[in-house]
Amino acid sequence: MRKKQKLFITVLIAIVFVAFIPHAYATAGGFHGGGGGHTTTYNGGGNTTTRDYDDSYTSNYNSYGNNSYRSYHSYGHIGYYVSSPFDIIFFILLIGGFLWKFKKPRLRTSNYVHGKDIGNTGLEKEIEQTFISIQEAWDRQDLQSVRNLYTDELYYKHQKVIDDLLAKGLINHTNDVIVDGFSNYKRKSDETFQVDISFVAIDYSVNKDTKQIVQGNNMYRQDFKQRWTFIDDGRKLKADKVKELKV
């Protein structure tokens, strides 16, 4: 929230407090807003007006049938004195509206990375190709087509996930994948490294029989970040581990 907005809201709240505090005393203890001057009462046709001689305070009683209401106006003081509960609700909504309008959007904490940069353009391209190929095979429910891009352990783990979903009557789709960035690249050994992959994708699950969406959506991409561990034997990368990270 900008400084001017904070100042504006502070002044607004101060004005409302000035208006409401005297009213609280008026209803509880007969506070009349200032002066204690002499009072004259005028009567006429169902409308009674009471006025202090110093013109600092006026109260009007208006009567319509069996119903009556009172309004207070202060001419010598900042504020508008009200007695109706609807006026109180109005001021509360007014303040809430300004707070909502001028509040600064909260930026969620995110470790999502934009920009492919781990200092090795060739390796970046190979990681991306391997990653995209596996995602496309997952979307088709056909991991066998990318069996050579997996270590045995991860291949069977991913295949079990697909099989378990099918047993529940579900198919998970992940498509339109775009890799946005790499980060946290670490060599764990001569042939093993890990890297965090930030990407967007359309991710949703459908009923395998009706094809109706039961989770997610097929219209908008979502943000994802995963930590992948690869085996690099100098010939082809193989995915060894995948860990989901919080975006």
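The protein has four helices and 10 strands, taken as DSSP runs (H or I of at least four residues for helices, E of at least two for strands) and numbered from the N terminus. Along the sequence the order is α-β-β-β-β-β-α-α-α-β-β-β-β-β. This is a predicted model, in which local features need pLDDT of at least 70 and side-chain atom pairs count only at pLDDT 80 or more, while totals for chains, interfaces and linings use all residues. Residues are numbered from 1 along each chain as its sequence is written, and side-chain values use heavy atoms, with hydrogens and water left out.

**Confidence and packing**

The average pLDDT (the predictor's confidence in each residue, from 0 to 100) is 75, and 60% of the residues score at least 70. Over residues 20-82 pLDDT stays under 50, and the model has 92 contacts beyond four places in sequence for them; contact means heavy atoms within 4.5 Å. Where pLDDT is low, the predicted coordinates should not be read in detail. Of the 247 residues, 34% count as buried, that is, under 20% relative accessible area with a 1.4 Å probe and protein chains only. Among contacts between residues at least 6 apart in sequence, 51% join residues at least 24 apart.

**The largest pocket**

A pocket is an open set of points on a 1 Å grid over the protein atoms alone, where a 1.4 Å probe fits and protein lies on both sides within 12 Å along at least five of seven lines; lining residues have an atom within 4 Å of a point. The largest pocket has a volume of about 480 Å³, the volume being the space filled by probe spheres set on the points. It is lined by 20 residues, of which W138, H158, N172, Q226 and E244 are the closest to its centre.

The most comes from α4, with five residues. By type the lining holds 10 nonpolar, six polar and four charged residues; Ala, Val, Leu, Ile, Met, Phe, Trp, Tyr, Cys and Pro count as nonpolar, Asp, Glu, Lys and Arg as charged, and the others, Gly among them, as polar.

**Two loop residues**

T151 lies in the loop between α3 and α4 and counts as buried because its relative accessibility is 14%. Beyond four places in sequence, T151 is in contact with I231, K238, A239 and D240. K188 is placed in the loop between β6 and β7 and, beyond four places in sequence, touches F193 and Q194. K188 and F230, 42 residues apart in sequence, are 9.8 Å apart in space, C-alpha to C-alpha.

Technical notes. Buried means under 20% relative accessible area, exposed over 50%, partly exposed in between (1.4 Å probe, protein chains only).
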